[in-house]
Amino acid sequence: MYLPMPLSESELTLIDKMLGGDRASLARLISIAESRHKSLPDILRRLAPDMQDPYIIGITGPPGAGKSTITNRLIKSYRDMGKKVGVLAVDPSSPFTGGAILGDRIRMHDHAMDDGVFIRSISTRGTHGGLSRATVEITKLYGAYGMDYVIVETVGVGQTELDIVGVADTVLVVLVPEAGDSVQTMKAGLMEIADVFVVNKADREGAALLSTEIKQVISIRRAGGEWTPPVLLSSALRGEGIGEIIEEVERHKAFQTDSGNIKYKKEKRIEREFAEIIRELVEEKIARNLADPEIIKICERVKSGELDPYEGASIVISKLS
Ligand code: GDP
């Protein structure tokens, strides 16, 4: 059972400092969210009145496509526009980081003097709820810090990249004209989740062809759809095509605001978060009860074959306290 707890002095100080723009305190709070510390719900509740709603841009695509290079370019453009940007790189394969990793420090280096930028990587391995849980909470922290945009980068591995749909307001799918990256070999589902396609490394051969291929598939699959994902060419290395990406993100944002889709997405996010919290609390309850002698007895009956496991589980659930 979750019972609201008063925050400690040091937690309150951390919150105040973060709200005052202190990045080290933001980093500490993100670590609290990532490690799922028990004070997190109370911290988030305390921050709720200060939380802005940042616009969330998801960037996904195969490793090496240029996602982080594009992100860096986007940060620069948004900063030039006076917008604050938080970046969350989600890596489903690396172990729990428990803090900023070397890569973050390298990426942060460019923005060392700029309080309007924060970059952080997290791993989702072993966490329940995959991408969404920690990501949504860290996005809230970014919102409280005053970020206007949050860029969530996910490596195109596993299920995570498809989960981005549940988290982001606009999804960019980055592809490159390299061996194996044709529309036929594209990972299932990737085509459907894109709001904007970016064919990066347009300085290399084959970019125009890949872009034509994608447009053809869109015209077949999305016929009659409300939003037709644009297919952009970029060379993030040279800084080309970045303005167009920003324009299309803004166009998609305006489109969704007009259609009410943005509101719908936010409600869906809250719904999912709520369901996950329920699951988390129920799981905690089960874990607490497993040592109960009565439940151990039921387990023994299941082991001996006297009781069907489903039947046994139903009895256990009915006895949970
Ligand atoms: P990520 O794994 O998707 O984040 O990809 P990175 O941004 O780390 O880029 C992978 C490699 O591709 C790096 O060596 C980049 O310098 C390079 N790269 C990124 N964008 C471009 C581009 O537009 N053209 C070329 N030729 N290389 C690029």
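**Helix packing and the ligand site in a predicted model**

Helix α12 (residues 293-303) and helix α13 (residues 309-319) pack at an angle of about 175°, with their axes 9 Å apart, where axes are lines fitted to C-alpha atoms, for helices over the stretch in contact, and angles run from 0 to 180 degrees between N-to-C directions. Helices (H or I, at least four residues) and strands (E, at least two) are DSSP runs, numbered from the N terminus. The angle makes α12 roughly antiparallel to α13, given that angles under 35 degrees count as roughly parallel, over 145 as roughly antiparallel, 65 to 115 as roughly perpendicular and the rest as oblique. Contact (heavy atoms within 4.5 Å) is made by E294, I295, I298 and V302 of α12 and by P309, G312, I315, V316 and K319 of α13. These residues comprise 6 nonpolar, 1 polar and 2 charged, with Ala, Val, Leu, Ile, Met, Phe, Trp, Tyr, Cys and Pro counted as nonpolar, Asp, Glu, Lys and Arg as charged, and the others, Gly among them, as polar.

The model is predicted, so that local features need pLDDT of at least 70 and side-chain atom pairs count only at pLDDT 80 or more, whereas totals for chains, interfaces and linings use all residues. Residues are numbered from 1 along each chain as its sequence is written, and side-chain values use heavy atoms, with hydrogens and water left out.

Helix α10 (residues 242-259) packs against helix α11 (residues 261-289) at an angle of about 85°, the axes being 5 Å apart; the two are therefore roughly perpendicular to each other. In this pair, H252, Q256, T257 and S259 of α10 meet N261, I262 and K265 of α11, a contact of 1 nonpolar, 5 polar and 1 charged residues.

The ligand is surrounded by 15 residues, of which G64, K67, S68, T69 and D203 are the closest, a residue being included if one of its heavy atoms lies within 4 Å. This shell divides into 5 nonpolar, 6 polar and 4 charged residues. A polar side-chain atom of D203 lies 2.7 Å from a nitrogen atom of the ligand, while a polar backbone atom of G66 is 2.9 Å from a ligand oxygen atom.

In the loop between β6 (196-199) and α9 (207-221) lies K201, which has a positive phi of about 60° although K201 is not a glycine.

Notes:
A polar contact is a pair of N or O atoms within 3.5 Å; within protein, one must be able to donate a hydrogen and the other to accept it, and residues adjacent in sequence count only if both atoms are side-chain atoms.
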